[in-house]
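Dear colleague,

I am passing on the structure we spoke about, with some notes on what was found in it. Please look through it alongside the text that follows.

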Amino acid sequence: MATATETALTGAPAPVRETRSDRIVMICNYTALGLFTLAVLYPLVYVVSASLSDPKNVVSGKVWLWPVGFSLEAFKAIFDYDSIVSGFGNSVIYAIGGALIATALTLLAAYPLSRRGLPGKGIIMALFVFTMMFSGGLIPTYLVVDRLGLLNTRWAIILPGALAVWNMIITRTFFQSTIPEELAEAAKVDGCTDFGFFWRIVLPLSKPIIAVNLLFYAVAQWNSWFSALIYLTNEHLFPLQMVLRQILIQNNFDPSQVRDTAELIRMKELQEQLKYSLIVIAIIPPLLIYPFVQKHFVKGAMVGSLKG
Amino acid sequence: MTTDTLVRRTPAHSAARPTKQALGLGARMRRHWQLYVMLALPLIWLAIFAYWPMYGAIIAFKDYNVVDGIFGSRWVGFKHFERFVESYQFWRLMKNTLILHVYELFATFWLPILLALGLNMARRRWYRRSVQLITYAPHFISTVVVVGLIVVIVDPNTGVLNQFLGLFGIGPIDVLNNPDYFRHLYVWSSAWQTMGFSAIIYLAALTSVSPELHEAAIVDGASRLRRIWHVDLPAIRPVAVILLILNIGSIMSAGFEKVLLLQNTLNLQTSEVIDTYVYKLGFASQVPQFSYAAAIGLFRSVIGLVLLVLANTIARRFAKSSLW
């Protein structure tokens, strides 16, 4: 009987009999972890439930855990709101375009810098790392983007933050640990150029790190809004996050964006609940990607901790 | 037989050697010219979007106007810096920035460590897995949505927080518009968002601890808490020190986007920090004051760099681990 409870508590039979105080610590630990998890989970569950409830019950505060009076009205309404739809489309463009460009730049920088004995490697590396610690600042960067004529173009969203030095360092460490220098030397002896080696050997061997980069940059781009705030004034180019900011935080709900009037009346009632369903819609794409990236991020974080 | 192999081997060796080591710098560079070609695009990007703005930061020492551009505008020395330090805004901004981020550092630094220790101790796989999966998730939610979440939850009329407080006859409290609550709102929502993800790196350090250490400690009769203290904590110390240094380095700038989103005219008293002030001078005022704003931004960057170097030096001396 005693052994049964012990196994139930600790999962595996303990090598040495646990003392009572140890068991108490263990129970406290499981409880604390559970509470931690509930605290993280609750806001998310609440928002999902509110978005699925009847609008009346949301406004009167009857929803606190499970949906009260099931309704999908708020979700239907979202798809009739023009700027949300266009924002969604723009965000997809920024996420895909940004991820491709940024990943290409990252790989092109990381690979040469991973090769031993490249003259000037130290200096170039230092040039990259220094930008992690010091930057020109918001205003000078804005003036550069202005000077290049990128204001109010999609490039202003994609280019200025294209390369994340931290990712470049992680990618470089990946190359250093998976592509042995001898392999490059051997290929060279066999008459393979550096381009050929990079294209035919390094890239096929680096699929995991390429995937991590693509996903990381895509999520970052999907979640970003500040560059749109300063570089864009044309609302047709706004990413989803900017539209969310207007509706969720600034409470700028523009009824003229809704196409027909019957819809409009319904919308007014829905307005409060719309926020909940919007949050749910905005959270979904990154969370769909998240299980795929999670384990790679763990690896990335570990690699990063081993001082590049 | 042996001499034969030796003789045959030596020429190959001496032929391979000079190409590797005795080549001059120019020859080695020519040999790798294709690698430099690959580096060209990233370096051009770096020059345009990282180093050109650094050069552009000299407008902090000029009176920038659009017609003359960065290069042509008149030099004014430290005029803008003096104006900022003497302005009535200065101490308020410094105080708000420091309090907010030091509070954040103290409140959120130990949470991921606790979580990682707890996860490492838990033996049930499914329990560990689900706790990890759920606590990491908020990391992938955007700042705008997190603030949107805060807004709907603390809404004085419909939010669940005030419904709950109402049960005890408290409130409704208008949390968003009250300067007293701004810092707590900012810091604890950050804890909610980052705690799980930051625990990853500590968990990685903990799983690399050799199980023999724990077994030896068990044989010596060490309790669970003693093992955490003597085995687990020393294992995560180097990582903790490095993260602490990085956090101190970003103490003047972290979290600016969320501050801006949570800010409104009613909570400005505590929510105005250096970065939001720079943003307003440059983009949200009728007459943009680019030079003045750039000077304040530069002032902030330099302090951040100094803090980073300082923290690193201290860590290297006392904790024996450092960034460089």
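Into which domains does the domain assignment divide chain A? In this predicted model, the assignment gives domain 1 of chain A, covering 2-71, and domain 2 of chain A, covering 76-305. Where these two domains touch, domain 1 of chain A brings 7 residues to the contact and domain 2 of chain A brings 8 residues. On the side of domain 1 of chain A that touches domain 2 of chain A, helix H2 (20-52) and helix H3 (55-59) of chain A each supply at least two residues, and H2(A) gives the most, with 4 residues. Sorted by class, that side of domain 1 of chain A has 6 nonpolar residues and 1 polar residue, with no charged residues.

Chain B, for its part, is divided into domain 1 (1-29), domain 2 (32-77) and domain 3 (88-318), and the C-alpha centres of domain 1 of chain B and domain 3 of chain B lie 56 Å apart.

There is also a helix pair that brings in both chains: helix H7 of chain A (residues 138-147) packs with helix H16 of chain B (residues 290-318) at an angle of about 130°, and their axes are 7 Å apart. H7(A) and H16(B) are therefore oblique to each other. In this contact, Leu138(A), Ile139(A) and Pro140(A) of H7(A) meet Phe290(B), Ala293(B), Ala294(B) and Gly297(B) of H16(B), and the residues of the contact divide into 6 nonpolar and 1 polar, with no charged ones.

With best wishes

Note on methods: Residues numbered from 1 in each chain as written. Chains lettered and ligands numbered in written order. Predicted model: local features only at pLDDT ≥ 70, side-chain atom pairs only at ≥ 80, totals over all residues. Domains from an automatic or database assignment. Nonpolar A, V, L, I, M, F, W, Y, C, P; charged D, E, K, R; others polar. Axes fitted to C-alpha atoms, helices over the stretch in contact; angles between N-to-C directions. Parallel < 35°, antiparallel > 145°, perpendicular 65-115°, else oblique.
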